[in-house]
Amino acid sequence: QYRPVDIDGMDAEWVSVNRAHMKKYVILHCHGGGYSTGSSIYARTLTSKLAAGTSMDVLCFDYRLAPEHPYPAALEDAVAAYQWLIGEKHYEADKIVIAGDSAGGGLALALVMYLRDHGMNLPAGVLVMSPWTDLTGEGKTFQTKAELDPVLDKEYIDRMTRAYAPDSDLTVPYISPLFGNFHGFPPVYIQVGENEILLDDSLRLYKNLIKAGVAAHIDRFPGMWHVFQMSPFKKASEAMDKNAEFIYSVCR
C-alpha cells in the first residue's frame, strides 16, 4: 500500500504491507539519484521490498533536488523527516532504521552524523546499498571497474557532484561521509556490487567504521552492479533477505 503524506510542505510516501505488521518500528528510506533525480515513486522497488521483507512501515521522502537546491538542502530535509517521525508520529529513535541507496546511502550516513553532532537520539541502525560516500571521486575502482560497471561512469558522477556541491569543499563530512568521524554510530550494514565503480566508496567506508569501533558488516556481491537490489532476480532477493535480517537484528 502506498499512501502520500505531507511533512511540513515536503512530499513523502508511506509504504506498508496489507497484513499484520510491526507497528512500533519504522524504516526511513533516503532515495538515490545523485541528489539531482529520484523520488519516493522511483524508490518504490526498494521500499516495497523493504516493507514486504520486514513487515515494517517504510517512509520515503522527496528531498529537494540539485541543481536548484544544492547542499545542504537534502540533508536539511532528511533531518526534518527524521524529526517528524519522532515528534509527530511518536516513534522512539531506537525503533527507527535509516536506509538508503546510492546518493541516498551517503545521505543516510550524513544524517546520522548530523544527529550525533547535534546531540539528538540516534536510530537503531543504518542500512546502505551501494552508498556514494566520497564526492571527491578518489576511489581506485573508478579506474579498475570502469569497463565492468554497466550503470555508472565517472562523467555522470562528476556531473552530479557539480550539481549538488558546486561551491563546497567536497571533503566536508556532511557531503562526503567517508571523511567524517564515525564514533558513536549505531550498527551499519553495507551492500555493494563487485562490478561497480563505487565499490571503493563502500570498502573504505567499512574500514573507517571498524576503526571507529562501530558494529559494521559489509557484503560484496560478485558480478553485481550499482543498486542491483532493484532488479527482479534471485541475487537481489537474497540481498534483500540479508537486509531484513540486519533490520531485525537491530530492532529489539
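Colleague: Is Leu199 buried or exposed, and what is its relative accessible area?

Modeller: Please bear in mind that this is a predicted model. Leu199 belongs to helix 6, which covers residues 199-211. A residue counts as buried under 20% relative accessible area. Leu199 is therefore buried, with a relative accessible area of 3%.

Colleague: What distance separates the C-alpha atoms of Leu199 and Arg220?

Modeller: Leu199 lies in helix 6. Arg220 is 21 residues apart from Leu199 along the chain, and the separation of their C-alpha atoms is 8.7 Å.

Colleague: Which residues form the negative surface patch?

Modeller: Asp6, in strand 1 (residues 2-7), is partly exposed because its relative accessible area is 48%. Asp8 is found in the loop between strand 1 and strand 2, and its relative accessible area of 74% means that Asp8 is exposed. Patch members need over 30% relative accessible area. The negative surface patch is formed by Asp6, Asp8, Asp11 and Glu88.

Colleague: Where is Ser102 found, and is this residue buried or exposed?

Modeller: Ser102 has a positive phi of about 55°, although it is not a glycine. Its place is the loop between strand 5 (96-101) and helix 3 (103-117). With a relative accessibility of 11%, Ser102 counts as buried.

Colleague: What is the phi of Asp8?

Modeller: Asp8 occupies the loop between strand 1 and strand 2 (10-15). The residue is not a glycine, yet its phi is positive, near 50°.

Colleague: Which residues does a cis peptide bond with omega of about 15° join?

Modeller: The loop between strand 4 (56-61) and helix 2 holds Pro67, and a cis peptide bond with omega of about 5° joins Ala66 to this proline. Pro72 is also found in the loop between strand 4 and helix 2. The cis peptide bond with omega of about 15° joins Tyr71 and Pro72.

Colleague: How far does helix 2 reach from its first C-alpha to its last?

Modeller: Helix 2 (residues 73-87) has 15 residues. At 1.5 Å a residue, 21 Å is expected, and the helix comes close to this with a reach of 21 Å.

Colleague: Which residues of helix 2 are buried?

Modeller: The cut-off for a buried residue is under 20% relative accessible area. In helix 2, the buried residues are Ala73, Ala74, Leu75, Asp77, Ala78, Val79, Ala81, Tyr82, Trp84 and Leu85.

Note on methods:
Residues numbered from 1 in each chain as written. Predicted model: local features only at pLDDT ≥ 70, side-chain atom pairs only at ≥ 80, totals over all residues. Heavy atoms only, no water. Helix = DSSP H or I, 4+ residues; strand = E, 2+ residues; numbered from the N terminus. Expected span 1.5 Å × (residues − 1). Buried < 20%, exposed > 50% of the residue type's maximum accessible area, 1.4 Å probe, protein only. Patch = residues over 30% accessible without salt bridge, like charges linked within 9 Å, V, L, I, M, F, W, Y side chains within 5 Å. Areas by Shrake-Rupley, 256 points an atom, 1.4 Å probe, with all protein chains shown as cover. Salt bridge = Lys/Arg side-chain N within 4 Å of Asp/Glu carboxyl O. Lys, Arg positive; Asp, Glu negative; His and termini not counted. Charge placed at Lys NZ, Arg CZ, Asp CG, Glu CD.
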